Amino acid sequence: MTLTKLAGGTAAFGLGAVGALHGIWTFSPWPLANRAEFARTVVGVAEADLPTPELTAAVAAALGAASYVVAARADLVAQVGPRRVVRQGVWGVAGVLLLRGAVGLVSSALTGRPTDFTRWDLALYSPLCLALGGLTACVAAATRVPRCPDRRHVIKRLKDPTNRGS
C-alpha cells in the first residue's frame, strides 16, 4: 500500500466517522447526557442556540461527501463523475479542514475564560481538523495531474516534414 493510499484511507475513515457522529447528533446528544451539556461542550453555545437537526444533517452529508472525495482521489474507491470535480474537491476539503483547525486553535487559545468547548477545541477538535486536513492535502498533492507538454511544440513537431516517425 502506498503512502498516498494510507493517508487517503486514514483521512476518509476519519471524515466518515465524524460524519456518522454528526448524523447521530441530528437526533441524540450522545455521548453526553443531555442537550444542554452537548451544546456547552461540543458546540460552545447555549442549548437554545444549537444548530437545527437539518443543519447538522447537512454537515453530516458534507462530511460523507468529503470522505468519498478523498477515498476516490486516493484510488480506494471508484470515481463517479468528472475527475476534475474530485481533484478540486480534495483541495477544497483540505483547505476547509486546515482553516478550521488553525482558526479554532487561535480563537480558543485567545479566549480569556476557558470553557468546556475551548478546552475540547484545543485538545481534540482543532488538532483533528489539522491532522485530517494535512492527510487530505498530502493526497491532493501526491495525485496532482502532470502538466501537458506545450501543445504548440507538439503541433510543430507533427507538422515538421523532417520529423518522419521519430
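This is a predicted model: local features need pLDDT of at least 70, side-chain atom pairs count only at pLDDT 80 or more; totals for chains, interfaces and linings use all residues.
## Overall architecture

The protein is built from 6 helices and has 0 strands, so that, in the sense of the order along the chain, its pattern reads α-α-α-α-α-α. Of its 166 residues, 28% count as buried. Among the contacts between residues at least 6 apart in sequence, 62% join residues that are at least 24 apart.

## Helix 1 against helix 3

Two packed helices are described by the angle between their axes and by the distance between those axes. For helix 1, which spans residues 3-25, and helix 3, which spans residues 53-73, the angle is about 165 degrees and the axes are 8 Å apart. Because angles over 145 degrees count as roughly antiparallel, helix 1 is roughly antiparallel to helix 3. The crossing of helix 1 with helix 3 is left-handed.

On the helix 1 side, the residues that meet helix 3 are Gly8, Ala11, Ala12, Leu15, Gly16, Val18, Gly19, His22, Gly23 and Trp25, and their partners in helix 3 are Thr56, Val59, Ala60, Leu63, Ala66, Ser67, Val70 and Ala71. Sorted by class, the residues of this contact comprise 11 nonpolar, 7 polar and no charged.

## Helix 1 against helix 5

Helix 1 also packs against helix 5, here at an angle of about 140 degrees and with the axes 9 Å apart; the two helices are therefore oblique to each other. Helix 1 passes helix 5 in a left-handed crossing.

In this contact, Thr4, Ala7, Gly8, Thr10, Ala11, Gly14, Leu15 and Val18 of helix 1 meet Leu128, Leu132, Leu135, Thr136, Val139 and Ala142 of helix 5. The contact of helix 1 with helix 5 contains 9 nonpolar and 5 polar residues, with no charged residues.

## Thr136 in helix 5

Thr136 belongs to helix 5, which covers residues 116-142. Is Thr136 buried or exposed? With a relative accessible area of 0%, Thr136 is buried, and, once its neighbours within four places in sequence are left aside, Thr136 is in contact with Ala11, Leu15, Val70, Val90, Val93, Ala94 and Leu97.

## Helix 2 and its ends

Helix 2 runs over residues 35-43, and its buried residues are Phe38, Ala39, Thr41 and Val42. These buried residues pack against helix 1 and helix 5. At the N-terminal end, Asn34 caps helix 2, with a side-chain oxygen 3.2 Å from the backbone nitrogen of Ala36. At the other end, helix 2 is followed by Gly44, which has a positive phi near 80 degrees.

Within helix 2, Val42 is buried because its relative accessible area is 18% and buried means under 20%. Which residues does Val42 touch, not counting those up to four places away in sequence? They are Trp25, Leu32, Phe117 and Tyr125. Val42 and Phe117 are 75 residues apart in sequence, yet their C-alpha atoms are 5.9 Å apart in space.

## Leu50, between helix 2 and helix 3

Leu50 is found in the loop between helix 2 and helix 3, and, with a relative accessible area of 13%, Leu50 is buried. Apart from its neighbours within four places in sequence, Leu50 is in contact with Arg35, Phe38, Ala39, Val43 and Val45; among these, Phe38 and Ala39 are also listed with the buried residues of helix 2. Leu50 and Phe38 are 12 residues apart in sequence and 9.1 Å apart in space, C-alpha to C-alpha.

## Backbone features in two further loops

In the loop between helix 1 and helix 2, where Pro31 lies, the peptide bond from Trp30 to Pro31 is cis, with omega near 10 degrees.

Asp75 is placed in the loop between helix 3 and helix 4, the latter covering residues 83-109. Although Asp75 is not a glycine, its phi is positive, at about 65 degrees. Asp75 counts as exposed because its relative accessibility is 53%, and exposed means over 50%.

Key:
Residues are numbered from 1 along each chain as its sequence is written. Side-chain values use heavy atoms; hydrogens and water are left out. Axes are lines fitted to C-alpha atoms, for helices over the stretch in contact, and angles run from 0 to 180 degrees between N-to-C directions. Helices (H or I, at least four residues) and strands (E, at least two) are DSSP runs, numbered from the N terminus. Angles under 35 degrees count as roughly parallel, over 145 as roughly antiparallel, 65 to 115 as roughly perpendicular and the rest as oblique. A crossing is left-handed if the near helix is turned anticlockwise from the far one by less than a right angle, and right-handed if clockwise. Contact means heavy atoms within 4.5 Å. Ala, Val, Leu, Ile, Met, Phe, Trp, Tyr, Cys and Pro count as nonpolar, Asp, Glu, Lys and Arg as charged, and the others, Gly among them, as polar. Buried means under 20% relative accessible area, exposed over 50%, partly exposed in between (1.4 Å probe, protein chains only). A polar contact is a pair of N or O atoms within 3.5 Å; within protein, one must be able to donate a hydrogen and the other to accept it, and residues adjacent in sequence count only if both atoms are side-chain atoms.
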